[in-house]
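Thanks for coming. I will walk through one structure, part by part, and then stop.

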Amino acid sequence: MSDAVDTSPTVPLLRVDNLSVCFETEKGSVDVVRSVSFQVEKGQTFCLVGESGCGKSMTSFALLGLVPEPGKVKADSISLDGRELTGLSEAAMNTVRGRQIGMIFQEPMTALNPVIRVGDQVAEPLIQHLHLSRRDALKKAEKLFAMVGIPAPERRLRDFPHQMSGGMRQRVMIAMALSCRPRLLLADEPTTALDVTIQGQILALLRELSFSQGMGLLLITHDLGVVAETADKVGVMYAGSIVEQAPVNAIFANPLHPYTKGLMRSAPTPTLSPTQRLEAIPGTVPPPGALPEGCPFRPRCNRAHDRCLTEPPLVHLEENGLAREVRCWLAAE
Ligand SMILES: Nc1ncnc2c1ncn2[C@@H]1O[C@H](COP(=O)(O)OP(=O)(O)OP(=O)(O)O)[C@@H](O)[C@H]1O
Ligand code: SF4
Ligand SMILES: [Mg+2]
């Protein structure tokens, strides 16, 4: 571990190099996240997208130092604003969480304490991390409520979570996550539990806050509509790996990996007319302990060839290596 901080202007806000998460099971060790690398820039949104179980949440837990026992995290580097996070003590990671990285999860009802007024819940990290008095923390909480679009914020501070709608509770979670002005906001399926109109409002709010505060947003979703609306850059995950990453326009206009192509065909997008039939990708994702040899996508891939049977594809850099990465032999050949 090193405490050295690289502050040069070209340093990405979050840089993840070769991150893997492994669980020891009765059948041997199982990698649920495999050599994942990506970067999130200041003021930009990076979307991690993929089917259920592909390792999106586990990737985010690894960044936060929250992988459950007996999971093991390996990474060449995870750095935030140039500061290396791998190897930090639990106490130091605790400060990083909450102060430098804000978090929002899918179901705000389970993340909020049902018997504490929401104002006090938002004030708590301000008291703990920024050492504000309770009175000042509540004043700040009121400002945060106004910023995230909660009407009559002073009155709503005194609500208990059950007195609020799902959309308002998610706004409380966002206010809480933003309270200490984090450098990075990590949002894992933040709108899945909400209806479509509220979902759009929350996503627009997250994007605007990210832009106006120069904060990076790492948004995890299985919904390509959300990706299209929100992302600057996209990482597509399959069976624990990022199989393709590219700027959002490139990935929608010209997906290169067969899995990404399949996802695009199977997803309802704003440009798809209601009469067009949605195609599902044939087959299912293999469980992490039972990946085939060679390319993990091979059993579902209509472009598979001999090499895919035995050799796991390496990352291929397209367009001078600046914009796109594809983990598929077709791209490399
Ligand atoms: N405690 C655990 N022990 C062993 N394996 C686990 C554990 N928790 C999760 N996994 C496995 O890790 C893999 C990745 O799970 P993860 O929760 O990251 O998926 P996800 O992409 O977030 O899916 P979803 O879209 O359903 O939230 C899954 O195959 C899951 O079964
Ligand atoms: S490496 Fe082969 S099997 Fe894997 S996605 Fe590419 S073509 Fe398909
Ligand atoms: Mg998840």
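First, the ground rules. This is a predicted model, in which local features need pLDDT of at least 70 and side-chain atom pairs count only at pLDDT 80 or more, while totals for chains, interfaces and linings use all residues. Residues are numbered from 1 along each chain as its sequence is written, and chains are lettered from A and ligands numbered from 1 in the order in which they are written.

Start with strand β9. How many of the six residues of β9 are buried? Six of the six are, so β9 is largely enclosed by the rest of the structure. One side of β9 has G216, L218 and I220, the other has L217, L219 and T221, and both faces are covered.

Now the strands that pair with β9. Two strands pair if DSSP finds at least two bridges between them. β9 pairs with β8 in the parallel sense, over five bridges. β3 and β9 also run parallel, and five bridges join them. Look at L218 in β9: L186 stands opposite L218, and F46 stands opposite L218 as well. L217 in β9 is the bridge partner of L185.

L185 takes us on to β7. L185, in β8, is the bridge partner of G102. β7, residues 101-104, pairs with β8 in the parallel sense over four bridges. As for cover, four of the five residues of β8 are buried.

Next, helix α8, residues 196-213. Its 18 residues reach 26 Å from the first C-alpha to the last, close to the 26 Å expected at 1.5 Å a residue; the expected span is 1.5 Å times one less than the number of residues. Which residues of α8 are buried? They are Q199, I202, L203, L206 and S210. Seen down the axis of α8, these buried residues fall within an arc of 100°, so they line one face of the helix. The arc is that of the directions from the helix axis to the C-beta atoms. T197, E208 and S212 are exposed, on the face of α8 turned away from its buried side.

What do the buried residues of α8 pack against? The partners are β3 (45-49), α7 (166-178), β8 (184-188), β9 (216-221) and α9 (224-230). Contact here means C-beta atoms, placed from the backbone, within 7 Å of each other.

Helix α4, residues 118-130, has 13 residues and reaches 18 Å, close to the 18 Å expected. Among its buried residues are V118, V122 and L126. The cover over the buried residues of α4 includes α2 (90-100), α5 (134-147) and α7.

Most residues other than glycine have a negative phi, and most peptide bonds are trans. Just after α4, H131 takes a positive phi of about 60°. R181 has a positive phi of about 50° although it is not a glycine, and R181 sits in the loop between α7 and β8. A239, also not a glycine, has a positive phi of about 45°; the loop between β10 (233-238) and β11 (241-247) holds A239.

Are R181 and A239 buried or exposed? R181 is exposed, with 11 other C-beta atoms within 10 Å. A239 counts as buried, with 24 C-beta neighbours inside 10 Å.

There is also a cis peptide bond, from E69 to P70, with omega near 0°. P70 lies in the loop between α1 (56-64) and β4 (72-74).

Last, the ligands. A residue is near a molecule or strand if its C-beta atom, placed from the backbone, lies within 6 Å of it. Of the 13 residues around ligand 1, V32, S52, K56, S57 and M58 come nearest. Helix α1 gives the largest share of that shell, three residues.

The residues around ligand 2 include C295, C301, C308 and C328. That shell has ten nonpolar, no polar and two charged residues. For these classes, Ala, Val, Leu, Ile, Met, Phe, Trp, Tyr, Cys and Pro count as nonpolar, Asp, Glu, Lys and Arg as charged, and the others, Gly among them, as polar.

That is the end of my tour.

Notes. Helix = DSSP H or I, 4+ residues; strand = E, 2+ residues; numbered from the N terminus. Buried ≥ 20, exposed ≤ 12 C-beta atoms within 10 Å, placed from the backbone. Contact = placed C-beta atoms within 7 Å.
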